[in-house]
Amino acid sequence: MYAYIAAKDFVKGDLLEIGCGDGRGVDVLHPLVSAYTAIDKNDILIDILGKKYPDIKFISQFIPPLSMIPDNTFDTVVSFQVIEHIENDDLYVKEIYRVLKPGGKALISTVNKKYSLSRNPWHVREYFAAGLKQLMTKYFSTIDTKGIHGNEKVMAYYEENKASVKRITKWDIFGMQWWMPRAILRVPYDILNRLNRKKIMNANNSLVSDIVVDDYFVSQNPEESLDLFYIVTK
């Protein structure tokens, strides 16, 4: 959610959101732009959002490419926690460049691989700060690499989660999580992930419930941030 807060200072004009999900950022960004278009592959969510926000254009589509959008259409593109799910990440970045107007900005966030606690089978890949910047350099000449990080409350939860995950993964003596097909790993991953989070919440509910969006901030040190946050200009 904090990525949308951080984006408020940059969005303007015609805005495209790639991977809008359940629309959690619409109320934050919609009042700041002249037109809002959102894309997601989830038909059900797109239908619900279209009825809730009739003045926003919602598109149901697997991406990339952004086949329904002409060149040089948008002043701003936002896409948060999406690129790690994309098979062809090069085409994803190339398409964002294509649909931006000259001088337009794209805001992209993703998890920082350095802070991942285990393999996430829902992610095709994860990135270090320099690695994703190198990919975007193929298309964008202006790239501002930042991070999204948390205060002491957020990091206390992270460390507790890290210790708890380590107690689980120590039994994976053959490193099965790293070579098991993603589709198969998703079932045990989801079960263990839910159990782990519930265990932490039961042990110290305030460690979870006390964290709010204001406990996050934009960091100038992306390598040491929980998430990577890029501001790129066409």
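Visitor: Where is Pro-64 found?
Guide: In this predicted model, Pro-64 sits in the loop that runs between S3 and S4.

Visitor: Okay, and what kind of peptide bond joins Ile-63 and Pro-64?
Guide: The bond joining Ile-63 and Pro-64 is a cis peptide bond, with omega at about -5 degrees. Another cis peptide bond joins Pro-64 and Pro-65, where omega is about 5 degrees, and Pro-65 also lies in the loop between S3 and S4.

Visitor: What about Asn-72, where does that one lie?
Guide: Asn-72 belongs to the loop between S3 and S4 as well. Its phi is near 55 degrees, which is a positive value in a residue other than glycine, and with a relative accessibility of 39% Asn-72 counts as partly exposed.

Visitor: And what is phi of Gln-81 near?
Guide: Phi of Gln-81 is near 55 degrees, again a positive value in a residue other than glycine. Gln-81 is found in the loop between S4 and H4, and its relative accessibility of 28% makes it partly exposed.

Visitor: Switching to the sheet: in what order do the strands come?
Guide: The open sheet is formed by 8 strands in the order S3-S2-S1-S4-S5-S8-S6-S7, and their pairing is mixed. The two edges are taken by strand S3 (57-60) and strand S7 (216-219), each of which has a single partner strand, so one side of each is left without a neighbour in the sheet. From one strand to the next, the twist averages 20 degrees.

Visitor: Do S4 and S5 pair in the parallel or the antiparallel sense?
Guide: S4 and strand S5, which covers residues 100-111, pair in the parallel sense over 6 bridges. Within this part of the sheet, Thr-76 stands opposite Lys-105 in S5.

Visitor: How many bridges join S5 to S8?
Guide: There are 7 bridges joining S5 to S8, and these two strands run antiparallel; one example of a facing residue is Phe-229 in S8, which is the bridge partner of Ser-109. Strand S6, residues 142-150, pairs with S8 in the antiparallel sense over 7 bridges, and there Ile-231 in S8 is the bridge partner of Asp-144.

Visitor: So is S8 mostly covered or exposed?
Guide: Strand S8, made of residues 227-233, is mostly covered, since 7 of its 7 residues are buried. In a regular strand the side chains alternate between the two faces of the sheet. In S8, Asp-227, Phe-229, Ile-231 and Thr-233 point one way while Leu-228, Tyr-230 and Val-232 point the other way, and all of them are buried.

Visitor: New topic. How many salt bridges does the structure hold?
Guide: The structure holds 13 salt bridges. One of them brings together the side chains of Lys-51 and Asp-47, at 3.4 Å from N to O. These two are 4 residues apart in helix H3 (residues 43-52), which means they are separated by about one helical turn. Lys-51 is exposed at 65% relative accessibility, whereas Asp-47 is partly exposed, with a relative accessible area of 42%.

Visitor: Which residue forms a salt bridge with Glu-87?
Guide: The partner of Glu-87 is Arg-182, and their closest N and O atoms are 3.3 Å apart. Arg-182 lies in helix H8 (residues 182-203), while Glu-87 lies in the loop between strand S4 (74-80) and helix H4 (89-99), so this pair ties together parts that are 95 residues apart in sequence. Arg-182 is partly exposed, with a relative accessible area of 22%, but Glu-87 is exposed at 55%.

Visitor: Which residues are linked in a network of salt bridges?
Guide: Such a network of salt bridges links Asp-14, Asp-75 and Lys-101. A further salt bridge is where the side chains of Arg-24 and Asp-22 meet, 3.7 Å from N to O; Arg-24 is exposed at 52% relative accessibility, and Asp-22 is partly exposed at 45%.

Key:
Residues are numbered from 1 along each chain as its sequence is written. This is a predicted model: local features need pLDDT of at least 70, side-chain atom pairs count only at pLDDT 80 or more; totals for chains, interfaces and linings use all residues. Side-chain values use heavy atoms; hydrogens and water are left out. A salt bridge is a side-chain nitrogen of Lys or Arg within 4 Å of a carboxyl oxygen of Asp or Glu. Buried means under 20% relative accessible area, exposed over 50%, partly exposed in between (1.4 Å probe, protein chains only). Two strands pair if DSSP finds at least two bridges between them. Axes are lines fitted to C-alpha atoms, for helices over the stretch in contact, and angles run from 0 to 180 degrees between N-to-C directions.
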